[in-house]
Amino acid sequence: MTKRPLKSHLLAALAAGLMCLAAALPMSAQSGCNITMPDVQGSGGGTVTVPVSLTNPIGIFSMQIEVFLPDGVDIVGMERAARIEGATNFNYAQQDQYTADEGLRYRRVFINNLIPSDGSAIEAGEGEIFTITFQLPEGEGTYPIQLKNIQFFNPPTYTVEYIPDVTANITAADFFFTIPDVQATWGETVDVPLYLNNAGGIYSIQIDLMLADGVEFVDAILGDRVNAEFFQYGNEDKYTVDGLRYRRVIIANIQNLASAINGNEGLVLTYKLKVQYHSEATCPVRVMNIQYFNPPTYAIEYIADAEGTINVSPKPVIAGDVNHDGVVDIDDVTLLIATVLGQSNCCPICGDIDNSQKIDIDDITEAIDIVLGV
């Protein structure tokens, strides 16, 4: 029989002792930690992956989570995120477990370091800690996923801390849109792709793109899946009753009654948008009033709204660089002159070179001096 190294015995004994110690100590309310899990959409009969994120002001040494499953939904895998690469132990139950009184199904997740001196199993801060991939039943439906009995403990006291339960809904549907979150720099354009999951081909579809103040519409570009004979989008903003601006997009085949959009999941449109915020901001991008119809009935079908975000980073302000190309040159002087004459508009922050709270002839003079190196 092969002998186990002494260190392995000590580690195993220490881990067992710590868990027993934690169970014996009094429980306390959590402080400063928060688990989040977003609502997601997926195809009936397919899989969908849900990220689990944690906000914690301190590193966490050990954590346990129970994932409760509705009927028809199964877990097919979990993946740890970069924030818990330091864990010497990350595992989850491969089979369903059940509560004693209500018979509800759950899987238990463990994240921990065996030796306190090794550091935190989960680094302090905010972000994803792991993902769960679920298998959905066939057809359409909404399935609530719950994270319950969330607890952690840390040296030196190993007092058990509890975090409130979390519920997220997984919606299975034959048709749905998704918009990813994107990163942008103010004053520059950014591509925002729009993905469509559809079980069959779509003959005609209409979408309203909703824009927050500070975001400008630049263009809409068809994806490879679209074979439209008719493609149109609004040339100017319109407004809904709540003040949000929108552009309407229509995609259709008119003559041959073939599908304008092929089946299966993929890119349908790419929106080019320009953000005008001068500081950090999060701008929602939403598609609403999504409707389509197909032969032979042409009955209008509606799809649930979709939303993504543009996370705007501030661009370094260069006095006089009113066209935001990174240098101050004759093009900026020309734009400043046009702005003073009322023939154009330039960046109010970069254009106010002398900080007089207005753009005037003095700013033009300052820009000329910068170009000449005076």
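Reader: In this model, which residue forms a salt bridge with Arg108?

Author: The model is a predicted one. The closest N and O atoms of the pair are 2.3 Å apart, and the partner is Glu66.

Reader: Is Glu66 buried or exposed?

Author: A residue counts as buried when its relative accessible area is under 20%. Arg108, with 22%, is partly exposed. Glu66 has 5% relative accessibility, so Glu66 is buried.

Reader: Which residues are linked with Asp96 in a network of salt bridges?

Author: The side chain of Asp96 meets that of Arg105 at 2.8 Å, N to O. Asp96 also forms a salt bridge with Arg107, at 2.7 Å. Asp96 is in the loop between strand E7 (89-92) and strand E8 (97-98), while Arg107 is in strand E9, 11 residues apart. The network links Asp96 with Asp74, Arg105 and Arg107.

Reader: Why does Arg107 count as buried?

Author: The cut-off for buried is under 20% relative accessible area. Asp96, its salt-bridge partner, is partly exposed at 24%. Arg107 counts as buried because its relative accessible area is 7%.

Reader: How many salt bridges are there?

Author: A pair counts when a side-chain nitrogen of Lys or Arg is within 4 Å of a carboxyl oxygen of Asp or Glu. By this rule the number of salt bridges is 10.

Reader: How far apart in space are Pro155 and Ser62?

Author: Pro155 is in the loop between strand E11 (141-153) and strand E12 (161-163). In sequence, Pro155 and Ser62 are 93 residues apart; in space, C-alpha to C-alpha, the separation is 9.5 Å.

How values were computed
Residues are numbered from 1 along each chain as its sequence is written. This is a predicted model: local features need pLDDT of at least 70, side-chain atom pairs count only at pLDDT 80 or more; totals for chains, interfaces and linings use all residues. Side-chain values use heavy atoms; hydrogens and water are left out. Helices (H or I, at least four residues) and strands (E, at least two) are DSSP runs, numbered from the N terminus. Buried means under 20% relative accessible area, exposed over 50%, partly exposed in between (1.4 Å probe, protein chains only).
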